[in-house]
Amino acid sequence: MIAALVDVFFQYFAGTQKAQAFTQTLLNVPYGSGEGEKLDVYLPKKHIETFPLVLYIHGGYWQCLSKDVSGFAACPLVNQGIALAAVGYDVAPKGQLELMVEQVRHSVAFAVQQYTGISCVYLLGHSAGAHLAAMVLSTDWAKFGVQPSIKGIA
């Protein structure tokens, strides 16, 4: 089992390295003042006025993994005119669940304010990230001063 987990991690890492080498990438973009509150943003290759954003929220049992190995899906998306933002958040034990949820909500608000070309948002979460993505659906966006056009969640 450990060998399988290590293999998956290396696939994530290799895919993220490839995406960073072949796409327009903005690494460690702060969306808040916390240490873990950063995005890695992979923008569409061709300049277009509006584009969808896939916000990827990593898993890891709320305790491990990070945005740093979460860009593996960027290449096929940016080639189709879709941006990907990998969300960093404080994992346990530093991050408690309420903090993690609030950080992901803040990352959505930041992205739609910062990147005015975003036409809509798709939330994509793996494992614990899927839970955090689902929690975003219950957000009172008035608190953040935005109304993101969330079109889907997976």
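Residues are numbered from 1 along each chain as its sequence is written. In this predicted model, local features need pLDDT of at least 70 and side-chain atom pairs count only at pLDDT 80 or more, while totals for chains, interfaces and linings use all residues, and side-chain values use heavy atoms, with hydrogens and water left out.

Let's start with the cores. A nonpolar core is a set of buried (under 20% relative accessible area, 1.4 Å probe, protein chains only) Ala, Val, Leu, Ile, Met, Phe, Trp, Tyr and Cys residues joined through side-chain atoms within 4.5 Å. The largest has 31 residues, and L55 and Y89 touch the most other members. Helix 3 gives this core its largest share, seven residues. Another core, of ten residues, lies apart from it and includes Y56 and C75.

| Residue | Contacts (within 4.5 Å) |
|---|---|
| L55 | A85, V87, S107, V108, V121, Y122, L123 and L124 |
| C64 | H58, G59 and V91 |

C64 sits in the loop between strand 3 (51-57) and helix 2 (74-78). The C-alpha atoms of C64 and V91 are separated by 6.4 Å, with the two residues 27 apart along the chain.

Finally, the largest cavity holds about 30 Å³ of space. Here a cavity is a set of points on a 1 Å grid over the protein atoms alone where a 1.4 Å probe fits but cannot get out. Residues lining this cavity (an atom within 4 Å of a point) include Y56, H58 and G59.

Terms used: Helices (H or I, at least four residues) and strands (E, at least two) are DSSP runs, numbered from the N terminus. Buried means under 20% relative accessible area, exposed over 50%, partly exposed in between (1.4 Å probe, protein chains only). On a 1 Å grid over the protein atoms alone, a cavity is a set of points where a 1.4 Å probe fits but cannot get out, and a pocket is an open set with protein on both sides within 12 Å along at least five of seven lines; lining residues have an atom within 4 Å of a point. Grid points are joined across faces, edges and corners, and a volume is the space filled by probe spheres set on the points. Lists of a residue's contacts leave out its neighbours within four places in sequence.
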